[in-house]
Amino acid sequence: MSPARLFQPDGRALSRAGAFLLMAPFFLLIGFAFLYPLFSLLSISVTEPQVGLQNYERILDNPVYGKVLLRTLWIALMVAVLSLFLAFPVAMAMVSSGGAMAVFITACVLLPFWSSVLVRTAAWAVLLQRNGIINDALQAIGLIEAPMRLLYTQGAVVVAMTHVLMPFMVLPIYGALRNIPADYGRAAAICGAGPLRRFREVTLPLAMPGVLGGFILVFLTALGYFITPALLGSPQEMMIATLISQQLREFLDWPFAAALVGVLTLFVTAITLLFSRVFRFDRMLGGQL
């Protein structure tokens, strides 16, 4: 193929063939490392131990699996909402700061990426144990008389997952806030709008692409999260990723685990399509609402 055919006639943008050639390695990787294993696993759910939907019928017949799925959706929603409320002020501080302060805030946001999720989760286990610093502090200020059970609870899972996933909320919001021209805020101030009204009617609407992008990124990631719920949650607070791991590692029931993967994939796909239908992905990626 002639190099000239890789670009549009004006030479400023890639042609369709050029874009496809550029994306070919990525498509090959997605097909080999994601789609092929996923469809192979899903095929097991309807072909073993015999052809049919008996593995999916087991999920529908036992209400425990429905409760696990609803609990997973609820925890993922709480993590996404809590991340949003914590991440927005941080993103605003990153945009409004300069010099050493901006570098410091950015380093604090990116610092969790320098350690593994396992290390961060283990750190929360140390903090939340009965003799940990949180129980000691609550007892020292007189709020509790005896150590509380903080570890192996739903609250521990939500707090730790929020800490781990919050950078994925901060960065899209930061990108959206940086793209808001400063003149908009000054114009609103000249027209008499106070800080709260400027935030409500100028900053927040223009930041919504980043808010929605971060929200769906954190929510969908939390749906399939495994390490943190497995280490900090109790069996009574099991999420669907932990249930899938249990079926694979303890019961060696691959067909049923594959059916659970199919249900999780169906929910993730449905939620993604719903977000795309309501908010449109092009708007999340920087377009105007």
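The following legends describe close-up views of a predicted model.

**View 1. The largest pocket and the residues around its centre.** The largest pocket of the predicted model holds about 380 Å³ of space. Its lining consists of 15 residues, and those closest to the centre are Met92, Val95, Leu177, Ile180 and Thr203. By class, the lining comprises 10 nonpolar, 3 polar and 2 charged residues.

**View 2. Helices that contribute to the lining of the largest pocket.** Two or more lining residues come from each of helix 3 (63–96), helix 9 (182–190) and helix 10 (195–223). Helix 10 makes the greatest contribution to the lining of the largest pocket, giving 5 residues.

**View 3. The aromatic pair Phe26 and Phe27.** Across the whole structure, a search finds 4 aromatic pairs. In the pair formed by Phe26 and Phe27, the ring centres are 6.0 Å apart and the planes meet at 50°, so the pair is classed as tilted.

**View 4. Arg58 and the ring of Phe256.** The side chain of interest is Arg58, which lies over the face of Phe256. The distance from Arg58 to the ring centre of Phe256 is 3.9 Å.

Methods:
Residues numbered from 1 in each chain as written. Predicted model: local features only at pLDDT ≥ 70, side-chain atom pairs only at ≥ 80, totals over all residues. Heavy atoms only, no water. 1 Å grid on protein atoms, 1.4 Å probe; cavity = no way out; pocket = protein on both sides within 12 Å on 5 of 7 lines; lining within 4 Å. Points joined across faces, edges and corners; volume = space filled by probe spheres on them. Helix = DSSP H or I, 4+ residues; strand = E, 2+ residues; numbered from the N terminus. Nonpolar A, V, L, I, M, F, W, Y, C, P; charged D, E, K, R; others polar. Phe/Tyr/Trp six-rings, centres within 6.5 Å; stacked < 30°, edge-to-face > 60°. Lys NZ or Arg CZ within 6 Å of the ring centre and 35° of its normal.
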